[in-house]
Amino acid sequence: MLLNIQHNSHYRYDAPVHYSVLRLRIHPQSSPGQKVIDWTVTVEGAKQEANYRDGYGNRTMLISLERDVQDLVIRAEGKIETEDRTGVLGKIYNFTPIWLYERETELTKPGEAIRELAASLQVKSDKLAVMHELMGFLHQRVVYTPGATNILTTAEDALVGGRGVCQDHTHIFLSVARLLNIPARYVSGYLMLNNSIEQTASHAWAEAHIDGLGWVGFDAANDICPNEGYVRLACGLDYREAAPISGIRFGPGIESLAVEVNVEQ
């Protein structure tokens, strides 16, 4: 499948920004299941400071805002050829050791509810089946509800609340998998929706490392393993390490952000 993708982020500041640095992880890479045909990233209101691959293998661009800027526009667009691998990325590795993906973070630290969920799963030799069981349970247990959580919501709070978005489904999945000694990581990317081309955010799902298969994707928000409608952007231990755009800002004023994501065949 050939996907056309446009991702526009427009930041507005009601007062000139003294200084700001942003990290962009919006460069998809060719890998099993996806081939980058063409891709461009343009920035208005900032300049590029560095371009590198981080420890997780993500292609990363570092930009800084020009002094006293009040509008910043980041555009990413291109064509990606995809295929359905039923979620199996395979044995694709980089400098990061597999055991690192068993480490908990502030957003994925397990509490009582997550520990009870992990204990309720039938841990058996077929770890792939356990991960499928976990994905299905989270799809039913945590109702997809935009606005119910935010980027600071932890996996434990989202599970207790029973509401959230793809970020929350992914964090809970990671927390439980790691308790079961299964390496797991957060993946950010794009998803082609069947009923809409226009979206207001990118997507997120989890990948678990299964012996014999390698990395396998699980999208608990949609109860499906990634298929030809998915495009990977970046990965990390949680949202903070794989977010498409993140950064810091110094100066007075309020920031507003408008995001437009179009994904179509």
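Residues are numbered from 1 along each chain as its sequence is written, and side-chain values use heavy atoms, with hydrogens and water left out. In this predicted model, local features need pLDDT of at least 70, side-chain atom pairs count only at pLDDT 80 or more, and totals for chains, interfaces and linings use all residues.

Biologist: Into which domains is the chain divided?
Modeller: Domain bounds come from an automatic or database domain assignment. The chain is divided into domain 1 (2–82 + 245–264) and domain 2 (88–231).

Biologist: What distance separates the centres of domain 1 and domain 2?
Modeller: The centres are taken over C-alpha atoms. The contact (heavy atoms within 4.5 Å) takes 20 residues from domain 1 and 20 residues from domain 2. The centres are separated by 24 Å.

Biologist: In what order do the strands of the five-strand sheet stand?
Modeller: Strands (E, at least two residues) and helices (H or I, at least four) are DSSP runs, numbered from the N terminus. Two strands pair if DSSP finds at least two bridges between them. Here the sheet is open and the pairing is antiparallel. The order is E7-E13-E12-E10-E14.

Biologist: Which residue in E13 stands opposite His-209?
Modeller: Strand E12 (residues 203–210) and strand E13 (residues 214–218) run antiparallel. Five bridges join them. Opposite His-209 stands Trp-215.

Biologist: At what angle does helix H4 run to E10?
Modeller: Axes are lines fitted to C-alpha atoms, for helices over the stretch in contact, and angles run from 0 to 180 degrees between N-to-C directions. Helix H2 (residues 127–141) lies across E12 and E13, at about 20° to E13. Helix H4 (residues 166–179) lies across strand E10 (184–191), E12 and E13. The angle of H4 to E10 is about 155°.

Biologist: Which strands stand at the edges of the four-strand sheet?
Modeller: This open sheet has the order E4-E5-E2-E15, with antiparallel pairing. Two of its strands each have a single partner, so one side of each is left without a neighbour in the sheet. They are E4 (46–53) and E15.

Biologist: Which residue in E5 is the bridge partner of Ala-50?
Modeller: E4 and strand E5 (residues 59–65) pair in the antiparallel sense. Seven bridges link them. The partner of Ala-50 is Leu-62.

Biologist: What volume does the largest pocket have?
Modeller: On a 1 Å grid over the protein atoms alone, a pocket is an open set of points with protein on both sides within 12 Å along at least five of seven lines, while a cavity is a set where a 1.4 Å probe fits but cannot get out; lining residues have an atom within 4 Å of a point. Grid points are joined across faces, edges and corners, and a volume is the space filled by probe spheres set on the points. The volume here is about 1200 Å³.

Biologist: Which element gives the most to the lining of the largest pocket?
Modeller: 41 residues line this pocket, and those closest to its centre are Ile-151, Gln-167, Ala-201, Ser-202 and Tyr-239. Domain 1 and domain 2 both give residues to the lining, so the pocket lies between them. With five residues, the element that gives the most is E15.

Biologist: Which residues lie nearest the centre of the second largest pocket?
Modeller: This pocket has a volume of about 310 Å³. E14 gives the most to its lining, with four residues. Of the 19 lining residues, the nearest to the centre are Gln-29, Tyr-56, Gly-57, Asn-94 and Arg-232.

Biologist: How much space lies in the largest cavity?
Modeller: The count comes to two cavities of 30 Å³ or more. Domain 1 and domain 2 both line the largest cavity, so it lies between them. E14 gives the largest share of the lining, three residues. The space in this cavity is about 190 Å³.

Biologist: Which residues line the second largest cavity?
Modeller: Its volume is about 30 Å³. The lining consists of Ile-92, Tyr-93, Asn-94, Thr-96, Ile-98, Tyr-101, Arg-185 and Trp-215.
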